[in-house]
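Please walk me through this structure, one part at a time.

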Amino acid sequence: MHRIGILGLDSSHPSAFASVLERMPSMTISGVWDGGAVREPATVQSFAQTHDATIVDSPASLVDHVDGVMVLSVNWDTHVSLATPFLEAGVPVLIDKPLAGDLESLARLEEVAGQTPLYGGSALGYHPTLLEWPTGGAKRQLWVAGYEHPFYYGAHLTSTARRLAGADWRSVIPTNQPGQTVQVTFENDVVATIRFDGGDDPGAFGLLDVGEVTRTTLIEGSNSDERRSMYESYLAGFRATIEGSIDESARLLDGARLLLATRGALDHTERLEPTSPTLADVHADGRSFLESYQPYVAHSGSSTN
């Protein structure tokens, strides 16, 4: 049985993920920690009782008692420090999107992880329709549109584009198209156009894929069956990571650097490559985002937060 620790109950993901984990073979929630930034102690107590998990006073106290840990705090500035003791102990870590808000933090995460596999980012690419789409491909173009916060929700877009492209990104350029829109070229010449500020009434993600076959999909957070299926595939990947059959660390980190590059390209109105000096100056403030964050309530909007 794989014992799972959960760090941070800020968003809707901990409860949603926990309900999926409980139905998966060989997975059980062992312990939970929350920093109190969003949830009241009563919520933490209720979560622990519902999932028969032990509440711990510090994240590091779980290290010797879990086989995998999920870092789910909304403030991405805390992700690296929360993950570090587990990675150093060889415990695989799932880090929710976005992984980190600056290049230095991502470099530190990669160094600390070493040979310990990372997993996480966005679950959007594990939507059942997108799992039927190919990765890579010649003369292929992708269009991806999201909504609201361009960094927090934008992580869904860059992570999914990176997964579908099947190669590291080569360049990001801002475009003169409407809205906050960039064009990403990947090492295998797949091109993705990403718009971060699409319509949010209702909040939805739209994707168009043009290659040997043309495909489209619209994903709305209000569809609970689709969301559950997406989370099942996503967390099956985490189980495979714990069991040592997959390691998606390189793709995950490249997608996180791509997210930073899209922000830098839009803020500085310039083309960015992985070695561009501007990339080192990009910083998205997780604490500032947390201050304005409101947790999802089932009847009030999308649960992709």
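**A walk through the fold**

Start with two helices: the axes of α3 (residues 79-88) and α4 (residues 103-113) come within 9 Å and cross at roughly 15°. That makes α3 roughly parallel to α4. The crossing of this pair, α3 and α4, is left-handed. From α3, Val80, Thr84, Leu87 and Glu88 take part, and they meet Ser105, Arg108, Leu109, Val112 and Ala113 of α4. The residues of this contact of α3 with α4 divide into five nonpolar, two polar and two charged.

The model is predicted, so local features need pLDDT of at least 70 and side-chain atom pairs count only at pLDDT 80 or more, while totals for chains, interfaces and linings use all residues. Residues are numbered from 1 along each chain as its sequence is written, and side-chain values use heavy atoms, with hydrogens and water left out.

Now the terms. Helices (H or I, at least four residues) and strands (E, at least two) are DSSP runs, numbered from the N terminus. Axes are lines fitted to C-alpha atoms, for helices over the stretch in contact, and angles run from 0 to 180 degrees between N-to-C directions. Angles under 35 degrees count as roughly parallel, over 145 as roughly antiparallel, 65 to 115 as roughly perpendicular and the rest as oblique. A crossing is left-handed if the near helix is turned anticlockwise from the far one by less than a right angle, and right-handed if clockwise. Contact means heavy atoms within 4.5 Å. Ala, Val, Leu, Ile, Met, Phe, Trp, Tyr, Cys and Pro count as nonpolar; Asp, Glu, Lys and Arg count as charged; the others, Gly among them, count as polar.

Helix α4 has another partner. The axes of α4 and α7 come within 10 Å and cross at roughly 175°. The two helices, α4 and α7, are therefore roughly antiparallel to each other. On the α4 side, Leu103, Leu106, Leu109 and Glu110 make the contact; on the α7 side, Leu253, Ala256, Arg257 and Leu260 do. The residues of the contact of α4 with α7 divide into six nonpolar, no polar and two charged.

Is Arg251 buried or exposed? Arg251 is buried, at a relative accessible area of 16% (buried means under 20%, exposed over 50%, partly exposed in between, with a 1.4 Å probe and protein chains only). Leaving aside neighbours within four places in sequence, Arg251 is in contact with Tyr126, Ser159, Arg162 and Arg163.

Past α7 comes a loop. Ala280 lies in the loop between α7 (249-268) and α8 (286-292). Ala280 is exposed, with a relative accessible area of 54%. The C-alpha atoms of Ala280 and Gly264 are separated by 9.3 Å, and these residues are 16 apart along the chain.

Next, the sheets. Six strands form an open sheet in the order β3-β2-β1-β4-β5-β6, with parallel pairing (two strands pair if DSSP finds at least two bridges between them). At the edges stand β3 (54-55) and β6 (118-121), each with a single partner strand, so one side of each is left without a neighbour in the sheet. Strands β1 (residues 2-7) and β2 (residues 27-33) run parallel, joined by six bridges. Leu7 has Trp33 in β2 as its bridge partner. Helix α1 (residues 13-21) packs on this sheet and touches β1, β2, β4 (68-71) and β5 (93-96); its direction makes about 155° with that of β2.

Further along, β4 and β5 pair in the parallel sense over three bridges. Met70 stands opposite Leu94 in β5. Both faces of β5 are covered: Val93 and Ile95 on one side, and Leu94 and Asp96 on the other, are all buried.

Helix α6 (residues 224-242) lies across β1, β2, β4, β5 and β6, running at about 165° to β6. The axes of α1 and α6 come within 10 Å and cross at roughly 75°. They are therefore roughly perpendicular to each other.

A second open sheet has six strands in the order β8-β9-β10-β7-β11-β12, and its pairing is mixed. Its edge strands, β8 (169-174) and β12 (214-220), each pair on one side only. Five bridges join β9 (residues 181-186) to β10 (residues 191-195), and these strands run antiparallel. Val182 stands opposite Ile194 in β10. Helix α5 (residues 154-165) lies across β7 (141-145), β9, β10 and β11 (204-210), at about 160° to β7.
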